[in-house]
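Hi,

Here is the structure I promised to pass on. Have a look first, and my notes follow below.

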Amino acid sequence: MAMSLLLSSYPLQSLARSSWFPVRTGSKPVCLVLTKAQISGGDREEDVVIVGAGIGGLTTAVSLHRLGIRSVVLEQAESLRTGGTSLTLFKNGWRVLDAISVGPQLRTQFLEIEGMVVKKEDGRELRSFKFKDEDQSQEVRAVERRVLLETLASQLPPETIQFASKLESIQSNANGDTLLELGDGTRFLAKIVIGCDGIRSKVANWMGFSEPRYVGHCAYRGLGYYPNGQPFQKKVNYIYGRGLRAGYVPVSATKVYWFICFNSPSLGPKITDPAILKEQAKELVSAWPKDLQNLIDLTPDETISRTPLVDRWLWPGISPPASKGRVVLVGDAWHPMTPNLGQGACCALEDSVVLANKLANAINGGTESIEGAMESYGSERWSRAFPLTIRANLVGALLQWDNPLVCSIRNNVVIPKLLRLGPMLEHTNFECEPLYVSKS
Ligand SMILES: Cc1cc2nc3c(=O)[nH]c(=O)nc-3n(C[C@H](O)[C@H](O)[C@H](O)COP(=O)(O)OP(=O)(O)OC[C@H]3O[C@@H](n4cnc5c(N)ncnc54)[C@H](O)[C@@H]3O)c2cc1C
């Protein structure tokens, strides 16, 4: 019978390093050697290869590492993503960060946001809420992506992440191992592949997933910098216009994250020049409260971007399952969702610990095979991710409406009289299992 042990009470880091663990994969038992990589016939053999050093990939690697399982993370970029803005993490994200023991370190760097204010285009307040009034356990902080990635990466043994390693092609062989070929011709033979390669996932494409679908609106984002201290209260500010909305939230004592979402029938050209992006963003909200204009002016170039928003609905019976053999997807690679609920990264974090626990259980001689563990992960997480993807899409559609009558009802009836914060944030309830290992 499997016995669960809490991570904190078991010296797991040393557990699987140098011994052979017989692992049941489907009907055939194979051995997973949790040792250093080997080279065979020019191919580098690895037990666990993670594709993508984003939030999902690094959290999966850290979770597996905490459970004593070595992995290699292949990242196409030359380094961790250092530009970019921030992500709002709700209590479900924090539960995961605590489970992998990085929550306390991150909390000290980012302000806890107390509530939210919804305003009209002229700046008039329509409604305000305090998160703790609705749910004492809610925790909301906007976290800089760069800091989150660096913190996660710092938990991994040296050389776990291999930069400049772009996955180009995938092939499975007769015994269920997977051959991964990189852009520079390097080949990895992996027993387990975890695709965390984001919305344009090569791994998902190989598994038969369709391309994510553009939802009809784009977002400008940036991270305003106030060297002498930012002036805002610890609240998320939303401003709702017609086919246009904006938001901003303090991140730290000196930084404030902002976004502007606007309708656009097509993706439009890819623009990377920060001066043009700033100009376009300011133009959209030129008649809106000056706070927003100032914030855009105070935004360093490397943090400003424009992103078309996409998602993919995982229709049962139509969409492929989350795993194929011993290849499995995590985060945006599997379930890209629009950012309207602030849940994409939170959900990638959740996926990572759930998958790591199930894989560790299988690897360490639990009752399930690796394929079984991946299937069990897929069905557990599908029921979480699919409704969230739809909900995020519908919320976005509602907030992007440009019909004057509908917007008037939204601003004069729905938001002031009908909106309740509690049900709106129910999706942040997530019990994160501690990392555990099972011994047979
Ligand atoms: C406008 C906007 C606002 C958002 N706001 C929030 C928010 O407030 N809260 C929230 O929870 N979420 C938010 N999200 C969603 C969040 O950004 C994503 O859900 C999250 O980044 C997903 O993490 P991931 O690890 O799955 O993918 P990614 O972060 O995209 O990481 C994928 C990694 O894989 C690498 N990669 C890709 N292809 C290859 C390849 N072929 N070979 C090797 N490496 C490869 C990439 O370089 C990258 O490092 C927002 C998204 C957008 C667009």
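Before the burial figure, the cut-offs: a residue is buried if 20 or more other C-beta atoms lie within 10 Å of its own, exposed if 12 or fewer, and partly exposed in between, with C-beta atoms placed from the backbone. On that count, 45% of the 440 residues of the protein are buried. Keep in mind that this is a predicted model, where local features need pLDDT of at least 70, side-chain atom pairs count only at pLDDT 80 or more, and totals for chains, interfaces and linings use all residues. Numbering starts from 1 along each chain as its sequence is written.

The protein has twelve helices and 22 strands; these are DSSP runs numbered from the N terminus (helices H or I, at least four residues; strands E, at least two). Contacts here mean C-beta atoms, placed from the backbone, within 7 Å. Among contacts between residues at least 6 apart in sequence, 75% join residues at least 24 apart.

Seven strands form an open sheet with mixed pairing, in the order 9-8-16-17-18-15-19; two strands pair if DSSP finds at least two bridges between them. At the edges sit strand 9 (125-130) and strand 19 (305-311), each pairing on one side only. Strand 8 (residues 115-120) runs parallel to strand 16 (residues 235-240) over six bridges, and Met116 has Val236 as its bridge partner in strand 16. Helix 11 (residues 404-418) lies across strands 8, 9 and 16, at about 20° to strand 9. For that angle, axes are lines fitted to C-alpha atoms, for helices over the stretch in contact, and angles run from 0 to 180 degrees between N-to-C directions.

Then the ligand. Which residues come nearest to it? Of the 34 around it, they are Gly52, Gly54, Gly198, Gly331 and Gly344 (around means a C-beta atom, placed from the backbone, within 6 Å). Helix 1 (55-66), strand 7 (86-89), strand 15 (213-225) and helix 9 (344-363) are the elements giving two or more residues to this shell, and helix 9 gives the most, with four. The ligand lies between domain 1 (16-81 + 148-212 + 313-393) and domain 2 (86-103 + 111-147 + 213-311 + 400-428), because both give residues to the shell; the bounds come from an automatic or database domain assignment.

Last, Phe163, in the loop between strand 11 (161-162) and strand 12 (167-172). Phe163 counts as partly exposed because it has 14 C-beta neighbours inside 10 Å. Beyond its neighbours within four places in sequence, Phe163 contacts Glu75, Ala77, Glu78 and Ser79.

Cheers

Terms used:
Contact = placed C-beta atoms within 7 Å.
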